[in-house]
Amino acid sequence: MSEQILSVDGIELCVESFGNPKDPVILLVMGATASMIWWETEFCQLLAEKGHFVIRYDNRDVGRSTTYELGSPGYTFEDMADDAASVLDAFGCKQAHLVGMSMGGLLTQIFALRHQDRALSISLVMTSNFAPDLPPMEEKVVEFFSNVGSLDWTDEQAVVASAVEKWNILRGSKHPFDQQKTARLALEEARRARNLANMNNHALVTGGESYLVRTHEIPQPALVIHGTEDPIIPYSHGVHLANTIPGATLLTLTGTGHELHENDWNAIIDAISAHAASVK
């Protein structure tokens, strides 16, 4: 189906679905500063072909969902996790399998504890519970984000170039970098956003701490997927997460960075689909 705007508790969330609504639901939750289009359309279609009803959506402050005053996000990570429940409500889904990428994985962990009866399983991609003894992001990532503040967000060409640079920095060494496709997605994101610069509000969102110290209590079957060359959330975060959540399974993507590279899709989609199907 085409994109639609849901009105939920005074905000708007842009959503899109793929597949048969009668199939088990998989809800995709994207990471910080990225709209739902980074769950690429073909990725969603391939996952749906495995026998799932796939839903993706724009978080607050990205894409076509509600935006807030720049520098003052009026919501918490708990609110964002509750947005996932609201999306499911709008589709009439009582339960779903959640898949979260990066910040979306953080939200998925919160959801799993906050809405325990609604998450059938969780898949956590390139994410963490951010325990204090885990290593920080690499310096090249820190340097990139420290320079984003000077970007002219009204200059479409500059915005696209910055996005291409970001994803090039976050990738691993295993796969070639598709600059043309990345630029196309970045341009699509720029042109469909209500207020593109507002993606930076995600860096200011607070909350979630009381849940992230309880990941050892997550009751749902968990799949952790992590690349060994992730420069923003190092691989050891994924290992720690898999060791912390009872019974969790770890899928290691050797040579992969902080990315959903097309060459990894088969492995990722097969793992997510099998994980969801294993839950009765």
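Predicted model: local features only at pLDDT ≥ 70, side-chain atom pairs only at ≥ 80, totals over all residues.
Trainee: How many helices and strands does the chain have?
Mentor: The secondary structure comes to 9 helices and 8 strands. The radius of gyration is 17 Å, close to the 19 Å that the globule rule gives for 280 residues, so the chain is as compact as a globular protein of that length.
Trainee: And what share of the residues is buried?
Mentor: Buried residues make up 57% of the 280. Among contacts with a separation of 6 or more, 76% join residues 24 or more positions apart.
Trainee: Turning to helix H3, is it largely enclosed or open?
Mentor: Helix H3 is largely enclosed by the rest of the structure, because 11 of its 12 residues are buried. Among them are Met103, Leu106, Ile110 and Phe111.
Trainee: What covers those buried residues?
Mentor: The cover includes strands E3 (25-29), E5 (96-101) and E6 (119-125), together with helices H2 (77-90), H7 (209-212) and H8 (235-244).
Trainee: What span should H3 have, going by its residues?
Mentor: At 1.5 Å a residue, the 12 residues of H3 (103-114) should span 16 Å; the end C-alpha atoms are 16 Å apart, which agrees.
Trainee: Now the surface: which residues form the nonpolar patch with Phe145?
Mentor: Met137 and Val142 form that patch with Phe145, and together the three have about 230 Å² of accessible area. Phe145 lies in helix H4 (residues 139-147).
Trainee: What is the relative accessible area of Phe145?
Mentor: For Phe145 the value is 37%, so the residue is partly exposed.

Definitions and conventions:
Residues numbered from 1 in each chain as written. Heavy atoms only, no water. Helix = DSSP H or I, 4+ residues; strand = E, 2+ residues; numbered from the N terminus. Expected span 1.5 Å × (residues − 1). Buried < 20%, exposed > 50% of the residue type's maximum accessible area, 1.4 Å probe, protein only. Contact = heavy atoms within 4.5 Å. Patch = residues over 30% accessible without salt bridge, like charges linked within 9 Å, V, L, I, M, F, W, Y side chains within 5 Å. Areas by Shrake-Rupley, 256 points an atom, 1.4 Å probe, with all protein chains shown as cover. Salt bridge = Lys/Arg side-chain N within 4 Å of Asp/Glu carboxyl O. Rg over C-alpha atoms; globule rule 2.2 N^0.38 Å.
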